[in-house]
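Hi,

Here is the structure I promised to pass on. Have a look, and then read on for my notes on its salt bridges.

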Amino acid sequence: MRTYILRRFLQAVPLLLAISLLSFFIMQLSPGSYLDTMRLNPDVSENLINTMERQYGLDKSIPEQYFHWLWQLLHGNLGESFTYKVPVTHVIKSRMVNTIILSVAAMIIAWMISIPIGIYSATHKYTIGDNIFTSLAFVGLSIPNFFFALLLLFLIVKFNVPLPINGMTSIMHNFLTPMGKVVDILKHLLVPAVVLGTASMASLTRIMRGQMIEAMRSDYIRTARAKGLKERKVIYKHAFRNAINPMITIFGFQISALLSGAALTETVTGWPGLGKMMLTAVRSKDLYLAMAGLMIGSVLLIIGNLIADIMLAISDPRIRYN
Amino acid sequence: MKKLTVFSLILIFVLSFALTSVVVYGAGDDVELLDPEVSQKPQGKHGGTLITTLLGDPKTFNTIIAQETSSTDITDGFVFEGLVDRHGVTTEFMPELARDWEISEDGTVYTFYLRRGVQWSDGVEFTADDVVFTFDVIKDEEVPTSTRDVMMVDGEFPEYRKVDKYTFEVEIPKPFAPFLNNMTTFIIPKHKLYDAWKAGNFNNMWGIDTDPQEIVGTGPFTIGEYKPGERVVMLRNANHWRRDPQGRPIPYIIRWVRVISESQETQALLFENGQTHFLGVRGIDYKRFAEDAEKGNYKMINAGPTFSTNFLVFNMNPRNPKLEEQPWKYEWFTNLHFRRAVAYSMDKNTMIDQALAGFGEPQWSPVSAPNKVYLNEEVKKYPYSLEDAKEELRQGGFTWNDQGQLLDKDGRRVEFNMVTNAGNTVREQILNIVAAELRELGMKINSTPIEFNKLVNQLLSEWDFDTILIGLTGGVEPHSGSNVWPSHGHLHMWNPVQEEPATEWEARIDELFELGATATKVEDRVKYYNEFQEIIAEKIPIIYTVTPNSLFAVRNTLKNVEPTAYGGVTWNIHELYID
């Protein structure tokens, strides 16, 4: 197992290189540069634009810029943001933690609810309960996140629910006790986490239900039932463990989406995460900031897949890595 | 509202903490303030917390190199101040860090008498050395600031010197009327930044990773805390040089919490929920807010048109690379009758109704409406009339075929592209309205929103567009358009960076900008800029559409407010108080 993990990490290196190369060049090939907004400012002269181009290294050829970036990266330096003029790591650090808090909370909500519902729906196929959950799942799938978030916020204002509608901490946060601070953050977390959680919940429930139904139809379930096992044991020991495999793969993918899936929800609920900042960075071509975001996303994708593979090996004894 | 009072109550309890921190670095008793400014507004009550919203995060606290309004909204006028300032209502010059100034007879020497005994927020005295230092930094080619370009007179950076501790002098090579406007530049503290500048490290100073305590200004507030993506908390500068009518230091407001919310919907909800004191209202929300004004204890204010513009520009550049294939487009766009026909087909009322939800004004002159001093309201106007448009087209040699399609004098179908930047919904709607009207005239219009960077490229370096709908932000000083209107300007969008003016009227505009800049009397300048506005309206290389109005909802508990499109609600923040 250990050699397998080591091999996977080694394989990741050329993969990351390829990803960085591609994203760097694609970003550079699309028209325009970070200085475009300044070009439209009546107060900015050509001279100044040229100075800034030089200071940002944008006057060099694209391969030259790439190798410079790569060289810095190997020295542990992600570069400096054009917009903020401070190291990229400083801009990203606190926001990344916030986004991960939000995504993990959303994942917990989604998985805690969708797996039991999926199992229930599969074992009670076509009952009223199943139908209700199925319709809810479709509603959940079809409501866009930003709209659902706005709807919840609107209801909070309309009915005077004592919940915050913006941000991650209240303005009195600094004066609260440590316990009060945690509660304060949890209160702020509720709306965005529920919005994000329910969004992936819908599809997870459907997949879980389908997998479960598939498993319940197989011969070993009939055998298990025939030899007189309890229904509980049939479902959770035999059907469930076979049905869960594809879910684990999906779980791996979701880890990679931890940083990227929340932009709109974050904007609407004012959660201070990476979302909108990363989007702006890519669109305004704040090169190193955008690259840092892309690379962190790629690393998470690779790690997520690895975790999923390891979990698969644990849950399914047939899978062995050597 | 209930919530707001609860907030305030908790705040009073908590403020003792905040206050101590202000007092700690507010010690500087050896400096005596000799030239305070006394507020002319009614006496207010000291104390309280103001809560407002911001649309984005600051990118830096270094005002000299800041480029985005999201950064300057935090610092300019609140933390840092200029020698002079403009009045938020009249836009006239007012003394700020300079108590008075003189301009020599020949208009080349400006002498500023600084307020004596003004302190930086850390207690160090503000003197002419700080002003000299600020100019040194701006002059430094390694510092990326647009202020340097603006300061240039005749291609030269002005000479400046300290006369004595409280007197600062600037000398420019020739009379240049807009120069006083440059003295609104924000002054930074020498004692905090000199070493970094000498070490070549100025551009990295006072970024968002700086401890807010390090950021020192003369303005009414200091930065107390910045939480990325959440809020900026500003604290009263106890050393500020303004006084209330009873002679006590202001600002009245002790703590100003500026909540960052990138979604305008959420900002509106925060205001409705009673959590903020005022809100810039969008046209589409106006009615909803007006209905609840009494219940929510606030008033609605329509402060009139803003400086934002939306206009259509034609490519009249003979260097357009696409002309090789389609030389006729150049003929159409340089045909005055053709442009006038387009101007007559602008249905500005529909634009205001649909794109601005009824809250906007048609724009006719290149000078923005809030610029009270220089706006010429007598320029030629082109009221919406498809009949007049057709008449102009006929005069321009255009005809129609049986299907009503417009043909030029060689029998070619009139067809061209019209683009705007994607994501700006107001502009996208205006684009659709313009395109629909032009189709009525028999033209074939391919209208699409495109990516902003691509549009800027087409406009400023490729020069291969047909027509673009875009906007520039106007200002109070007409000379700030000197990269746009004179024919050598790189933002002279219809035909940029010309070596010799292509037309007589462009030559005349070049002259007028020269005259307007060197005239010293405002009446003379008004005359020159009036003629410039007439020419643009007459020749319409740029066709203006509509300007949104500036709308505010302001809580009745916030007193002494006088919102304008120019200054917003907070231009006199030091005089605002909470009742």
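Is Glu538(B) buried, partly exposed or exposed? At 34% relative accessibility, Glu538(B) is partly exposed (buried is under 20% relative accessible area, exposed is over 50%, and partly exposed is in between, with a 1.4 Å probe and protein chains only).

Some housekeeping: this is a predicted model, where local features need pLDDT of at least 70 and side-chain atom pairs pLDDT 80 or more, while totals for chains, interfaces and linings use all residues. Residues count from 1 along each chain as written, chains are lettered from A and ligands numbered from 1 in written order, and side-chain values use heavy atoms, without hydrogens or water.

Back to Glu538(B): its salt-bridge partner is Arg340(B), at 3.2 Å from N to O (a salt bridge has a side-chain nitrogen of Lys or Arg within 4 Å of a carboxyl oxygen of Asp or Glu). The two sit 198 residues apart, Arg340(B) in helix H10 and Glu538(B) in helix H16 of chain B (helices are DSSP runs of H or I, at least four residues, numbered from the N terminus). Arg340(B), at 12%, counts as buried.

Over all chains there are 39 salt bridges. One of them joins Asp130(A) and Arg209(A) at 2.9 Å, N to O. Asp130(A) is in helix H6 and Arg209(A) in helix H8 of chain A, so this pair ties together parts 79 residues apart in sequence. Both Asp130(A) and Arg209(A) are buried.

In chain B, a network of salt bridges links Glu37(B), Glu81(B), Glu96(B), Arg115(B) and Arg242(B).

Cheers
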